[in-house]
Amino acid sequence: MSDLKQKAGRLSPLGLIKEVFNWYPSYYPAEERKLLFKLDLSILIFACLCFFVKYLDQTNISNAYVSGLKEDFGLYGNELNYFNVCYFTSYVLFQIPGLLLMSRPKLARWLLPTLEVLWGICTFAQSRATNVHQLYALRFLVGMLEAPVFAGTHFILGSWYTGPELFKRAGTWFICNPLGTMVSGYLQAAAYTNLSGVGGMPGWRWLFIIDGIFTIPVALIGFFIFPGIPGSPKPFYMTDRDVALAKERTTRAKIRQPGKMSLDVFKRTFKRWHIWVFITCYACMIICSYPSSYMSLWLKAEGYSVTQINQLPTVTYAVNIVASWLGTTLAAIYPEWIIYTIASACCLFSTLCMIIWNIPTGLKFVAWYVFGMAGCLSPILYSTINIIVRDDAEERALIMGAMMTFGYSFNIWVPLLAYPTAGPDGAPRWRKGWPISFVFFFLLWAGFVASVYIWRREQKREALVSPQESGSDEETDTVIVDGTPALKN
């Protein structure tokens with residue numbers, strides 16, 4: 001356990017607030033604080049912008065669907081699910097190849113900006129689609145090109161940052177997920193209101209054009225500022241000393257940088273418990289959270305206006321933003337399993353309300369919005385993986401790719417079975433799957449807590465087997481990983 005977490009119980013309210021915003025501890029040498037600042041300006045700026053436009057481009061199909069696409073193309077069955085199936089099929093297929101490519105130092109710096117240019121072109125192309133089959137093909141291409149963005153960025157963060165640093169950056173980066181989804185709703189509402197008929201196009205087509213305009217400039221920025229991983233070609237703003245210091249930091253924190261890629265990575269990964277526990281956790285996360293994004297369908301069925309359908313769900317994403325940042329930051333200060341438990345309990349409460357379903361409308365809105373507390377679950381999970389599997393870069397990349405592959409494979413078929421958007425009479429039937437969500441929210445929590453428990457037992461066992469070596473490692477870890485003023489040597 002980090003020294004910071006040991007002291008957390010003694011923090012005053014003012015001390016806690018200070019610690020939440022303490023990104024550059026005063027006991028770090030000035031040179032190291034300067035390096036962290038450079039990394040934040042480069043990695044976080046590009047990663048946040050990239051993640052933001054990714055979610056604009058990933059979720060815009062749902063906003064377009066409820067804003068005229070459905071009627072224009074005569075879509076009255078499960079076509080919305082089929083759009084998602086096309087996206088997630090390619091998203092799943094290209095996860096592991098994408099992550100393994102991301103672990104290669106020479107490719108890591110250029111891969112994400114290049115892919116972003118390509119999916120930006122596909123986003124533009126969706127605005128000119130003339131039939132549903134063209135949209136199916138374009139959603140497949142967008143999913144393929146976006147595949148390594150999410151887990152790949154976590155891999156990048158875990159290659160530069162350590163301990164509490166990592167949790168705080170991961171949480172800040174992750175807020176661009178709900179922010180992109182939320183802004184997509186506002187953009188579609190604005191496009192529907194102000195651009196419908198402009199140039200002879202309905203508002204939903206303009207949404208794809210606007211999203212493409214956001215995407216391409218972000219990709220071009222990435223070619224200049226994104227640093228890849230510590231072994232990648234040096235960007236213009238980093239000195240040789242910066243690179244050397246970054247490698248020193250990862251060495252002290254026992255974060256192994258990528259080595260030669262071989263098939264042995266599969267053998268050693270499948271022999272350890274990490275991959276099995278973490279892919280199960282992520283699969284549970286995907287399954288349980290799926291219907292929480294269907295608030296717009298409920299609003300449409302209730303007869304709300306198009307503007308309200310696009311705007312009211314954004315409150316959930318606002319809650320998600322706060323939870324993503326604050327929850328992950330608190331996980332850097334307090335035991336991560338406690339924060340995970342609190343957020344999971346909130347989601348279980350909302351799911352229980354949805355299972356009952358016939359509740360006051362006000363309470364149903366509260367339940368939809370409280371689902372936003374799930375925002376911290378994913379960044380805490382991935383940050384914990386970066387710490388637990390820090391001793392093997394290839395295994396870390398493979399696990400994250402496998403999590404996305406296995407987890408998102410459920411998005412191909414589970415929605416069609418458990419959360420169909422329409423039945424034979426055209427009425428929404430996705431609410432039938434809420435009991436499934438409840439079970440998998442619980443399993444997600446149980447799996448995460450179990451992984452932390454197993455890892456801590458392993459750490460204690462290693463300390464007992466080799467106390468002298470463990471003591472040396474612990475001192476090294478507290479220099480960077482645990483954030484204590486031990487940087488005297």
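Leaving aside neighbours within four places in sequence, which residues is serine 103 in contact with?

## Serine 103

The partners are Phe155, Ile229, Pro258, Met261 and Ala397, where contact means heavy atoms within 4.5 Å. Serine 103 sits in the loop that runs between helix H5 (95–102) and helix H6 (105–126). Helices here are DSSP runs of H or I with at least four residues, numbered from the N terminus.

Serine 103 counts as buried because its relative accessibility is 0%. Buried means under 20% relative accessible area, exposed over 50%, and partly exposed in between (1.4 Å probe, protein chains only).

## About the model

This is a predicted model, in which local features need pLDDT of at least 70 and side-chain atom pairs count only at pLDDT 80 or more, while totals for chains, interfaces and linings use all residues. Residues are numbered from 1 along each chain as its sequence is written, and side-chain values use heavy atoms, leaving out hydrogens and water.

## Arginine 169

With 1% relative accessibility, arginine 169 counts as buried. Beyond neighbours within four places in sequence, arginine 169 is in contact with Trp23, Tyr24, Leu36, Asp40, Leu44 and Tyr161.

Leucine 44 lies 125 residues from arginine 169 in sequence, yet their C-alpha atoms are 7.5 Å apart.

## Alanine 367

Helix H19 (residues 361–370) holds alanine 367, which counts as buried at 0% relative accessibility. Not counting residues up to four places away in sequence, alanine 367 touches Ser350, Cys353 and Met354.

Notes:
Helices (H or I, at least four residues) and strands (E, at least two) are DSSP runs, numbered from the N terminus.
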